[in-house]
Amino acid sequence: MRRVKLTFAGREVEFADREAALRQLERVAERGNTHPLVMYGPEGCGKTALLRQARAILEEYGYHVVYVDPLAREVGEVLQFTPSIRDIVLDVVRLIPEPYSRIVDVAISVAGHVMRKLSRPKIAVLMDDIFQAVGVDKAEQYVKALLNLIEYPPSAYEKAVVLVTSSEGVTAERVGRHRWADMYVMWNMARDGFAQLYEQLPGPKPSLDEAWRLTGGSPEMLIRLFERDWDVDGVVLSVLGGRRLDDLIGDLDHDGKRILEEAVWDPDVLRARETAELRRVLAEKNLIIRVMLREPRLWVDVPPPERDPELGIGRYYAWQTPLHREAVRRALEVTGP
Ligand SMILES: Nc1ncnc2c1ncn2[C@@H]1O[C@H](COP(=O)(O)OP(=O)(O)OP(=O)(O)O)[C@@H](O)[C@H]1O
Ligand SMILES: [Mg+2]
């Protein structure tokens, strides 16, 4: 299997590790999906990287792939496709007014046209972080449209695969309450894969143990630390400022602050019923993730450990990375009791 090239901290690297996820993707490619598969996980854990690798695998299995990345920096990257369906894509793009503002609709339409024009094709629709682009309120609607494509195709196909990624904290609840999609959680990198990325970075740098303890295996956090010359405080403050954690905490009453303080030490205190609102806000701000059940079948790649208090991973809830947790701790300190 070809491993795709990715950019990591300004360097070209090969897609690293994630062996279990690659096997899962091969199984998907062999069988096709009966439902869209939605993968969500911590910001910067490697969802886009995996989706790019998925494209390569699916093409190796003979799929015509439509790949949508609405938030891509280059216009040319917003809609990508296997060269075999170039004419069909261009026809659809011509038909739809302002295609780039409705890129998700365009991709669904392309898939329909491919089914109609080619004889029993293998077709894959890959969508990266579309809920941010279409609006979280429309997430369910789009997942349903993708399910319809599989269940009521405009014409017969041999196999179809629909993969959607999301970094939106509310995805699991919104999409997960229907039968319309299979939801999977993806965690940060496991230690070996993380070590491979760490090795690519030039020194001076902290030890691998220290980098792991700080990032919990998040490739994105590793990049951020590297780019700031390992200024941990700087990264913590950027998370704090970017998410306006001081405002979040300012809005809490005395009990809310107390629970949050406890959650810094043990995220599982957020299980309690009276913490529902705080939990919702923390998930929406992409600070925590529900990680209940380490059943490998519910995860993309490998689940996080059962519990790892040092990394902020509880049995039921986990901080997205130790740096997210540290930003919350710092914000509590700054805002005072
Ligand atoms: N398996 C991997 N091998 C090599 N590089 C990786 C791997 N996973 C992630 N990266 C790199 O780490 C960085 C963050 O990964 P990526 O952008 O895929 O995360 P993400 O989950 O899509 O983030 P976001 O939530 O912001 O969309 C990128 O530079 C990416 O190329
Ligand atoms: Mg991404």
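Me: How many salt bridges does a search of the whole structure find?
Reply: The model is predicted. A search through all of it turns up 26 salt bridges.

Me: Why is the pair Asp301 and Arg18 called a salt bridge?
Reply: Their side chains meet at 3.1 Å, N to O. The cut-off is 4 Å between a Lys or Arg side-chain nitrogen and an Asp or Glu carboxyl oxygen, so the pair qualifies.

Me: What makes Asp301 and Arg18 a tie between parts that are apart in sequence?
Reply: Look at their places. Asp301 sits in the loop between β10 (299-300) and β11 (317-319), while Arg18 sits in the loop between β2 and α1. These parts are 283 residues apart in sequence, so the pair ties them together.

Me: What makes the contact, counted in residues from domain 1 and domain 2?
Reply: Domain 1 gives 28 residues and domain 2 gives 26.

Me: How do you know what area is buried between domain 1 and domain 2?
Reply: An interface is often sized by the accessible area lost when the parts come together. Here that comes to about 2200 Å². Carbon and sulfur atoms give 60% of this area. On the domain 1 side, Phe8, Glu43 and Val185 lose the most area, together 27% of what that side buries.

Me: Why is Glu43 with Arg243 called a salt bridge?
Reply: Their closest N and O atoms are 2.7 Å apart. The limit is 4 Å, so the pair passes. Across the interface of the two domains, the rule finds two salt bridges. It also finds eleven residue pairs in polar contact there.

Me: Which elements supply the side of domain 1 that touches domain 2?
Reply: β2 (11-14), α1 (19-31), β3 (37-40) and β8 (182-186) supply at least two residues each. By class, that side has 16 nonpolar, six polar and six charged residues.

Me: Which residues surround ligand 1?
Reply: There are 21, and the closest are Thr7, Ala16, Lys47, Thr48 and Ala49.

Me: Why is Ala16 with ligand 1 called a polar contact?
Reply: A polar backbone atom of Ala16 is 2.8 Å from a nitrogen atom of the ligand. The cut-off is 3.5 Å between N or O atoms, so this pair counts. Gly44 also passes, with a backbone N or O atom 2.9 Å from a ligand oxygen. Gly46 passes too, with a polar backbone atom 3.0 Å from an oxygen of ligand 1.

Me: What makes the peptide bond between Gly203 and Pro204 cis?
Reply: Its omega is about -5°. Most peptide bonds are trans. Pro204 lies in the loop between α9 (191-200) and α10 (208-215).

Me: What is the value of phi in Trp230?
Reply: Phi of Trp230 is near 65°, which is positive. Most residues other than glycine have a negative phi. Trp230 is found in the loop between α11 (219-227) and α12 (232-242).

Terms used:
Residues are numbered from 1 along each chain as its sequence is written. Chains are lettered from A and ligands numbered from 1 in the order in which they are written. This is a predicted model: local features need pLDDT of at least 70, side-chain atom pairs count only at pLDDT 80 or more; totals for chains, interfaces and linings use all residues. Side-chain values use heavy atoms; hydrogens and water are left out. Contact means heavy atoms within 4.5 Å. Buried area is the accessible area (1.4 Å probe) that two parts lose on being put together, summed over both. A polar contact is a pair of N or O atoms within 3.5 Å; within protein, one must be able to donate a hydrogen and the other to accept it, and residues adjacent in sequence count only if both atoms are side-chain atoms. Helices (H or I, at least four residues) and strands (E, at least two) are DSSP runs, numbered from the N terminus. Ala, Val, Leu, Ile, Met, Phe, Trp, Tyr, Cys and Pro count as nonpolar, Asp, Glu, Lys and Arg as charged, and the others, Gly among them, as polar. A residue is near a molecule or strand if one of its heavy atoms lies within 4 Å of it.
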